[in-house]
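Thanks for coming. I will take you through one structure, from the whole chain down to a few side chains. Please have a look at it first.

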Amino acid sequence: MKFQSFVFLKLFLLFSLYLLLSFTSFLFTWKVDQDKISNGWSVLFTNPDIKVENWVGKLGAILSYTFIHNGFGIASFLIIPILFAIGF
């Protein structure tokens, strides 16, 4: 296996773990983060005074909000084993 493909596959693995933490945290912190995220991602990232409770930070809050709230709902968790299997 080439080094580039090895690194690319491991990035899938790490991204799946990142999503797992982000989605799991969303289940516990969505009420606190909802108003902060609804202002838009540009406001969230450019304002350092906004703090989110998501375990993996602002990017995790945006990703989980997009996938779970605006996207596929709780079925978004099914994306994680697919990405993990690709990376493994």
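Before anything else, one definition: a residue is called buried when its relative accessible area is under 20%, exposed when it is over 50%, and partly exposed in between. Keep in mind too that this is a predicted model.

Take Ser 22, which sits in helix 1. Is Ser 22 buried or exposed? Its relative accessible area is 0%, so Ser 22 is buried. What does Ser 22 touch, once neighbours within four places in sequence are left aside? The contacts are Asn 54, Val 56, Gly 60, Ala 61, Leu 63 and Ser 64.

Now the whole chain. The protein chain has 4 helices and 0 strands, and along the sequence the pattern reads α-α-α-α. Along the principal axes, the C-alpha atoms fill a box of roughly 45 × 25 × 20 Å. Of the 88 residues, 31% are buried. If we take contacts with a separation of 6 or more, 65% of them join residues 24 or more positions apart. The chain exposes about 5,800 Å², and carbon and sulfur atoms supply 73% of that area.

Next, the inside. As background, nonpolar side chains in soluble globular proteins tend to be buried together. Here, the largest nonpolar core has 14 residues, and Leu 19, Phe 23, Ile 37 and Leu 44 are the ones with the most contacts inside it. Helix 1, helix 3 (57-69) and helix 4 (79-87) each supply at least two residues of this core. Which helix gives the most to the core? That is helix 3, with 5 residues.

Ile 37 is worth a look from this group. Again leaving aside neighbours within four places in sequence, Ile 37 is in contact with Ala 61, Ile 62 and Tyr 65. Ala 61 is also among the contacts of Ser 22.

On to the rings. How many aromatic pairs does the structure hold? There are 5. In one of them, Phe 23 and Phe 67 have ring centres 5.6 Å apart and planes at 55°, so this pair is tilted. Phe 23 lies in helix 1 and Phe 67 in helix 3, so the pair ties together parts that are 44 residues apart in sequence. Phe 23 is buried, with a relative accessible area of 0%, whereas Phe 67 counts as partly exposed at 21%.

Phe 23 also pairs with Phe 77: the ring centres are 5.5 Å apart and the planes are at 75°, so this pair is edge-to-face. Phe 77 is in the loop between helix 3 and helix 4, and Phe 23 in helix 1, so the parts tied together are 54 residues apart in sequence. At 22% relative accessibility, Phe 77 counts as partly exposed.

A nonpolar surface patch of about 1,200 Å² is made by Met 1, Phe 3, Phe 6, Val 7, Phe 8, Leu 11, Leu 14, Leu 17, Leu 20, Phe 84 and Phe 88. Helix 1, residues 3-37, gives the most to this patch, with 8 residues. Take Leu 17, which is in helix 1: Leu 17 counts as partly exposed, at 41% relative accessibility.

Definitions and conventions
Residues are numbered from 1 along each chain as its sequence is written. This is a predicted model: local features need pLDDT of at least 70, side-chain atom pairs count only at pLDDT 80 or more; totals for chains, interfaces and linings use all residues. Side-chain values use heavy atoms; hydrogens and water are left out. Patches are made of residues with over 30% relative accessible area and no salt bridge: like charges are joined within 9 Å, nonpolar side chains (Val, Leu, Ile, Met, Phe, Trp, Tyr) within 5 Å. Accessible areas come from the Shrake-Rupley method with a 1.4 Å probe; for residues, only the protein chains shown count as cover. A salt bridge is a side-chain nitrogen of Lys or Arg within 4 Å of a carboxyl oxygen of Asp or Glu. Buried means under 20% relative accessible area, exposed over 50%, partly exposed in between (1.4 Å probe, protein chains only). A nonpolar core is a set of buried Ala, Val, Leu, Ile, Met, Phe, Trp, Tyr and Cys residues joined through side-chain atoms within 4.5 Å. Contact means heavy atoms within 4.5 Å. Rings of Phe, Tyr and Trp (its six-membered ring) pair if their centres lie within 6.5 Å; planes under 30 degrees apart count as stacked, over 60 as edge-to-face and the rest as tilted.
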